Amino acid sequence: MKKLTDCYILNNGVAIPCVGFGTWQTPDGETAVNSVKAALAAGYRHVDTAAIYGNEVSVGKAIAESGVAREDIFVTSKVWNKCRGYETTLAAFDETLRKLGLDYLDLYLIHWPANKTQFENWDEINRETWRAMIELYRAGKIRAIGVSNFLPHHLASLVASEVVPAINQIEFHPGQMQQETVEYCRAHGILVEAWSPLGTGRMLSNETLIEIASHYGISVAQLCVRWCLQNGTLPLPKSVTPSRIEQNTQVFDFVISDEDMATINSMAYCGGSGHNPDTVTF
Ligand code: A2P
């Protein structure tokens, strides 16, 4: 990848810009509108939101007012947990399109798998949700479909279905690489997107990362974004601060050495959301 608009190619041939703009925890209203506009002005062409973030209306407003053509922006949203199932997913999708003010999505994801802690029939629920996703995809309302926070055992029945997920968006940052899931995804042609590539900011004060970033004269945030790319994942850095939004795009004029990659890749857990998809109760 040499620039922000260079793309990964998904398993159905759709191109997805290699860095996406994250909006988790971005407050709805002016903050979301202004940060998404700042991102599009800085050159991002990929915006990631979700129904549960509560900011779809503002994200849609920013896209409409940005002056960038709709077809030049890759837009992702996600179906929230309380809408799992066939009919409810179809309805949730309509609501998401209405809020965004769009007539199609580039990517729609199941936000979290139904898990064994909450449901005896977790696999059946996931398959029913996926059936709705496939229907929306086949109807041409979504260009690609995928999942988020799925572990290999959650993915198994979807991989065996008529449409293999194109994406699995997981928590991925130094100290939390989810190698088993990443390897499973790779083996099945599923691209891994990295949510919280900066560990929701927790990586920024890590001594090892500060030291490595200093080798390149860059920030830890830039190091983390670049590190995701060099690991073949698609980072979704979030910021509401124009200078940081811009800074996080400056990741194409340096290469992290093999030695530094190995050091970061072997870092022990140093903070994260703490969410295990098998045990979360939301
Ligand atoms: P803010 O949104 O206030 O600018 P993640 O992408 O892992 O979820 O991390 C997001 C957090 O990291 C937010 O708190 C964001 O702050 C902060 N952040 C994003 N980019 C940078 C940067 N380049 N420098 C410092 N902090 C950053």
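# Reading packing and pairing in a predicted model

User: Let's start with one side chain. Does E65 count as buried, partly exposed or exposed, and what is the relative accessibility?

Analyst: E65 has a relative accessibility of 42%, so it counts as partly exposed. Keep in mind as we go that this is a predicted model. To place a residue, compare its value with two cut-offs: under 20% is buried, over 50% is exposed, and the rest is partly exposed.

User: Which side chain does E65 meet in a salt bridge?

Analyst: The general idea first: side chains of opposite charge can pair when their charged atoms come close. Here K61 and E65 form a salt bridge, with 3.4 Å from N to O. K61 is partly exposed too, at 42% relative accessible area.

User: Why are K61 and E65 about one helical turn apart?

Analyst: An α-helix has 3.6 residues a turn, so residues three or four places apart point the same way. K61 and E65 are four residues apart in helix α2 (residues 56–65), so about one helical turn separates them. The pair also belongs to a network of salt bridges that takes in K37.

User: How many salt bridges does the structure hold? And which side chain does E95 pair with?

Analyst: The structure holds 12. E95 pairs with R98 at 3.0 Å, N to O. These two sit three residues apart in helix α3 (residues 86–100), so again the separation is about one helical turn. E95 is partly exposed at 33%, while R98 counts as exposed at 57%.

User: What about D6: which side chain does it meet, and does D6 count as buried or exposed?

Analyst: D6 meets K3 in a salt bridge of 2.8 Å, N to O. D6 counts as buried, with 18% relative accessibility, whereas K3 is partly exposed at 46%.

User: Back to α2. Which of its residues are buried, and what covers them?

Analyst: In α2 the buried residues are E56, S58, V59, G60, A62 and I63. Their cover includes α1 (30–42), β4 (46–48), β5 (74–79) and α3. Just past the helix, G67 adopts a positive phi of about 85°.

User: At what angle do α2 and α3 pack?

Analyst: For a helix pair, read the axis distance, the angle, and then the residues in contact. The axes of α2 and α3 are 7 Å apart, at an angle of about 45°. That makes the two helices oblique to each other. The contact brings E56, V57, V59 and G60 of α2 against T96, K99 and L100 of α3. By class, that is three nonpolar, two polar and two charged residues.

User: How do the axes of α8 and α10 cross?

Analyst: The axes of α8 (residues 220–230) and α10 (residues 258–265) come within 11 Å and cross at roughly 100°. An angle between 65 and 115 degrees counts as roughly perpendicular, so α8 is roughly perpendicular to α10. L223, W227 and Q230 of α8 make the contact with M261, I264 and N265 of α10. The class count is four nonpolar, two polar and no charged residues.

User: How many residues does the largest nonpolar core have?

Analyst: The largest nonpolar core has 84 residues, and I16, L105 and Y108 have the most contacts inside it. Helix α8 supplies the largest share of this core, eight residues. Beyond its sequence neighbours within four places, I16 has contacts that include Y8, H46, F74, I167, L191 and L234.

User: And V192: where is it placed, and what does it touch?

Analyst: V192 lies in strand β9 (residues 191–195) and is buried at 4% relative accessible area. Leaving out residues up to four places away, V192 touches N168, I170, V182, C185, T233 and L234. Its C-alpha atom is also 9.2 Å from that of S148, 44 residues away along the chain.

User: Last one: which phi value does S196 take?

Analyst: S196 has a positive phi near 50° without being a glycine. S196 lies in the loop between β9 and α7 (207–216) and is buried at 9%. T200, found in the loop between β9 and α7, is another non-glycine with a positive phi, about 55°. T200 is partly exposed, at 39%.

Methods:
Residues numbered from 1 in each chain as written. Predicted model: local features only at pLDDT ≥ 70, side-chain atom pairs only at ≥ 80, totals over all residues. Heavy atoms only, no water. Core = buried A, V, L, I, M, F, W, Y, C linked by side-chain atoms within 4.5 Å. Buried < 20%, exposed > 50% of the residue type's maximum accessible area, 1.4 Å probe, protein only. Contact = heavy atoms within 4.5 Å. Axes fitted to C-alpha atoms, helices over the stretch in contact; angles between N-to-C directions. Parallel < 35°, antiparallel > 145°, perpendicular 65-115°, else oblique. Nonpolar A, V, L, I, M, F, W, Y, C, P; charged D, E, K, R; others polar. Salt bridge = Lys/Arg side-chain N within 4 Å of Asp/Glu carboxyl O.
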